[in-house]
Amino acid sequence: MSKREFQTEVSQLLQLIIHSLYSHPEIFLRELISNSSDALDKLRHLTLVEDQYKALPFDPRIDLELDEENKILRIADTGIGMNEEDLVSHLGTIARSGTKNFLSQLSGDAKKDSNLIGQFGVGFYSVFMVADHVEVISRKAGEDKAWRWTSDGKTSFEIEPAERPVAGTTVIIHLNEEGKQYANSWQLKEIVKKYSNHIAFPIFLTYDKSEWNEADKKSVKTRTTEQINAASALWRRSKNELKDDDYKELYKSLTGGFEDPLFWFHTKAEGSLEYTTLFYIPSKAPLDLFQAEYKTGVKLYVKRVFIMDDAKEFLPQYLRFVRGIIDSEDLPLNVSREILQQNRVLTSIRSASVKKILSELKNIAENQPEQYQKFIAEYNRLLKEGLYGDFANRETLLELIRFKSTKAEGMTSLADVKARMKEGQKSIYYITGSAESLLRTSPLLEIYRKKDLEVLVLDDEIDEIVFANVEKYGDIDLKSVNKTSTDGDLKDESESGKAEEIKPLLEKVKGILGDRVKDVRASVRLADSPSCIVSDDEEPSMKMQQMLRAMGQKDLPALKPTLEINPDHEIVRKLVARPDDAVAEDAAWLLFDQALLLEGVPLQDPATFVQRLNRMLNLSV
Ligand SMILES: Nc1ncnc2c1ncn2[C@@H]1O[C@H](COP(=O)(O)OP(=O)(O)OP(=O)(O)O)[C@@H](O)[C@H]1O
């Protein structure tokens, strides 16, 4: 017998699970059944596609066996099984980085943490909530030897040779004080109904059934085996046979969580391609959404046979929050990721699925606005990501995304913004940046306020990049307020004269700022501020340049900003009249530096800025 230590993280995890999941100890059963079901899926798949497995017997079933007297529960499956090496690596280490994330995300709040557990797949170890010690006897399909893994779930485990007549895995749970409540057939049946009713394989329970014997006038116990789950692939049934609770139950068993989904969309496609999709939108965005190694939650089945978890290929990345099932009639069973990537069936299912999800969302936006708000609170940003990559669905995405604006409380749609457009208004305007309060008080908005024009406030960090590529909403132009092209929309006839008046000043300022600016112009977009920074249409804004550099784009050409000056502003008018002196020079620099600051761009030389400011203060105090 060989004794081995758990990887440190496993011990840590075991402790955390026991503490954070104590309020739901029954989930150990769901976790073990789902492992058995995965093991059966894997073996079924191999017997269908791999020659050396084709001859193996395959009698898929999961057996729970209860020894009430000794408080022992056995869970046996006829699945793929594990050999010695598998036992060490699967039950002794934490191989996946997801689990490490799990460890770092635990909050100590039992309910929250128990939801995390399913997301990161720490399933097996939950058995130690209810066990003093656990034995796992397993034999891998195609191999002769069987192995026994035993542990008390504290620091170490042991492995030794064992006997098992057929391939598969048996988990023997020696129930502890907490676990004794599960040495009860009624309890076990309830838990299986609740969590594992739709597992595709039959689950049997063997127990001592008490029956009333009329002749002897007493109840007698008979060893009985009964099937205790429905074992139907629920998604293959027609919608009108299914109740909301059926969908919710399946969702919970798919995700390993306790929360209900926000919505679900169940579709059966018939025609040149046949497939069923059942997509769920989780009510809370999955926690790993913005991590590089996020897990997608769409499972692929072919003719009810499980093929793979995490079928990333079937939905675009921005829909990675969607959970559910795709079951195809047309794909080959031995389909691999490589084959999938260039498969025509995949392409059609994928584009139809995206269309379906987006059109259902549109429906909800129109008919259940309150529910839709919940969706937006979690997923608005993901839809924006879609704008960036999914050109085919851009129009629909623009309809679905919600925006902050200078004229609406909360979030508003582009359709509503369009309805509010003023007569003669040529475009829909927006301002981008990182802090909402900075944006709402930006000098760039002054003229819009004066002209009573609505401006969208795009304060999400991805907005800058996403909306730089979105030029139109239907036939209306979308324009950033800090782009030079916008000023065509804002010009009044009277203003060209003013620009003429300050021409000499513009030249002067340009001479002073030299190669720090691309140009110095008269502004039509300012009301209360003396200056602002704008960019040409084809150039990234100052903020975007900063972001690109931060993301590692070192060879970005240094693009210079254009400074705009407000001809109506008192400071500017005074400067027009002022001779060329040191004060005028300081003023020119200060007009430039303050515009940069308001744009959120750090100054190159703050010390000089402060000296100039102090010289000016000195003149006025
Ligand atoms: N009954 C079983 N038959 C075969 N292999 C198993 C069985 N139970 C567990 N394993 C193996 O042990 C691994 C670890 O199981 P564990 O429940 O801890 O996580 P998981 O099932 O991979 O994650 P998740 O809970 O997210 O599905 C499994 O991935 C599987 O390889």
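The following legends describe views of a predicted model of a protein chain.

**Figure 1. Overall dimensions of the protein chain.** The chain contains 23 helices and 22 strands. Its radius of gyration is 33 Å, well over the 25 Å that the globule rule gives for 621 residues, so the chain is more spread out than a compact globule. The C-alpha trace spans about 115 × 55 × 50 Å along its principal axes. Of the 621 residues, 35% are buried. Among contacts with a separation of 6 or more, 71% are between residues 24 or more positions apart.

**Figure 2. The nine-stranded sheet.** This open sheet has mixed pairing, and its strand order is β1-β6-β5-β4-β7-β3-β2-β8-β9. Strands β1 (2-5) and β9 (218-227) form the edges, each pairing on one side only. On average, and with direction ignored, neighbouring strands of the sheet are turned by 20° against each other.

**Figure 3. Pairing of strands β4 and β5.** Strand β4 (residues 131-139) and strand β5 (residues 146-151) run antiparallel and are joined by six bridges. Within this view, Ile-137 stands opposite Arg-148 in β5.

**Figure 4. Helix α2 on the sheet.** Helix α2, formed by residues 27-49, packs on the sheet. The strands touched by helix α2 are β2 (62-67), β3 (72-77), β7 (168-175) and β8 (203-213). The direction of helix α2 makes about 20° with that of β3.

Figure 5. Helix α4 comprises residues 84-92 and lies across β1, β4, β5 and β6 (156-162). Relative to β6, helix α4 runs at about 160°.

How values were computed: Residues are numbered from 1 along each chain as its sequence is written. This is a predicted model: local features need pLDDT of at least 70, side-chain atom pairs count only at pLDDT 80 or more; totals for chains, interfaces and linings use all residues. Two strands pair if DSSP finds at least two bridges between them. Helices (H or I, at least four residues) and strands (E, at least two) are DSSP runs, numbered from the N terminus. Axes are lines fitted to C-alpha atoms, for helices over the stretch in contact, and angles run from 0 to 180 degrees between N-to-C directions. Two residues are in contact if their C-beta atoms, placed from the backbone, lie within 7 Å. The radius of gyration is taken over C-alpha atoms; the globule rule is 2.2 Å times the number of residues to the power 0.38. A residue is buried if 20 or more other C-beta atoms lie within 10 Å of its own, exposed if 12 or fewer, and partly exposed in between; C-beta atoms are placed from the backbone.
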